[in-house]
Amino acid sequence: MNEPSLEPPGLVMWKEFITAEAECRLLNIFAGLDWPDRPGRRSLHYGYTFSYKTFGIDEEIPFKPFPDWLTALVPSGEERLPDQVCLQHYPPGTGIPPHVDTHSAYDQLYSLSLGSSVTMQFRHGESGAKIDVDLPPRSMTQMKDDSRLHWTHGIRARKTDTLSDGTVRPRRDRWSITYRWLRDGANCPCENEKLCDTAQRCKGLEKEYRWKKQNGTDAAVGAS
């Protein structure tokens, strides 16, 4: 798993993290899962459930054990299983708005891309510099350091991506598996007032979410 780092700093990609045959087996598994019945991007959660209201975890939903097929896909080298995993399906034309995953809630992130290729755009929170990164199928990316804390990432909602050589590539169905680990102490030291909720809270700029009213990882996790 020794792959060169990419720009922005701290972004690492392992191409062909799984084989095409393994990808095909996973897509067959995904087809049999109980997906929400709604158009657009759909999500399933394992471990703790990601909250789209607080961008932390939803304490009211019990911890959901990882199925065997998911445990086998956890990045090697990590000392423990992730606390929260999100499986998402992106039909052609859907995307995600530019964002950073909540600094105080989560430490580093990994994401496995399956199905269609897609272009993800990173934007520096201070300078506004933009970098497009192509995510090929079966690739695993890790976001840490600058790429995790000081750059937003998002996917434009469109049905094609234009590559650097001018090629227009149509999008097809895509799936991603995002792995999150809860941050010890539930406080981020980066001091980025524009993107970091810990820094914003210290300045009185952030809403105090229920999941962060107590200190420490155990408090952030809540009852399972």
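A salt bridge here is a side-chain nitrogen of Lys or Arg within 4 Å of a carboxyl oxygen of Asp or Glu. Before we use that, some housekeeping: this is a predicted model, where local features need pLDDT of at least 70, side-chain atom pairs count only at pLDDT 80 or more, and totals for chains, interfaces and linings use all residues. Residues are numbered from 1 along each chain as its sequence is written, and side-chain values use heavy atoms, with hydrogens and water left out.

By that rule, the count is nine salt bridges. Have a look at Asp-161, which forms one with Arg-169, the closest N and O atoms being 3.8 Å apart. Asp-161 also meets Arg-158 in a salt bridge, at 3.0 Å from N to O. How exposed are these side chains? Take buried as under 20% relative accessible area, exposed as over 50%, and partly exposed as in between (1.4 Å probe, protein chains only). Asp-161 is buried at 0%, and Arg-169 is buried too, at 17%. Arg-158, on the other hand, is partly exposed at 30%.

Arg-169 has another partner as well: Asp-134, with the closest N and O atoms 2.6 Å apart. This pair ties together distant parts of the chain, since Asp-134 sits in strand S8 (residues 130–135) and Arg-169 in strand S12 (residues 168–170), 35 residues apart. (Strands are DSSP runs of E, at least two residues, and helices are runs of H or I, at least four, numbered from the N terminus.) Asp-134 comes out partly exposed, at 33%.

Next stop, strand S10 (residues 151–155): five of its five residues are buried, so the strand is largely enclosed by the rest of the structure. One side carries Trp-151, His-153 and Ile-155, the other Thr-152 and Gly-154, and all of them are buried. Which strands pair with S10, given that pairing takes at least two DSSP bridges? Strand S5 (residues 96–99) runs antiparallel to S10 and is joined to it by two bridges, with Ile-96 partnering Ile-155. Strand S7 (residues 118–124) is also antiparallel to S10, over four bridges, and there Gln-121 stands opposite Gly-154.

Finally, the cysteines. With a disulfide defined as two cysteine sulfur atoms within 2.5 Å, the whole structure has zero. Cys-188 is in no disulfide, the nearest cysteine sulfur being that of Cys-190, 3.7 Å away. Cys-188 is buried at 6%, whereas Cys-24 is partly exposed at 44%.

Methods
Pairing = 2+ DSSP bridges.
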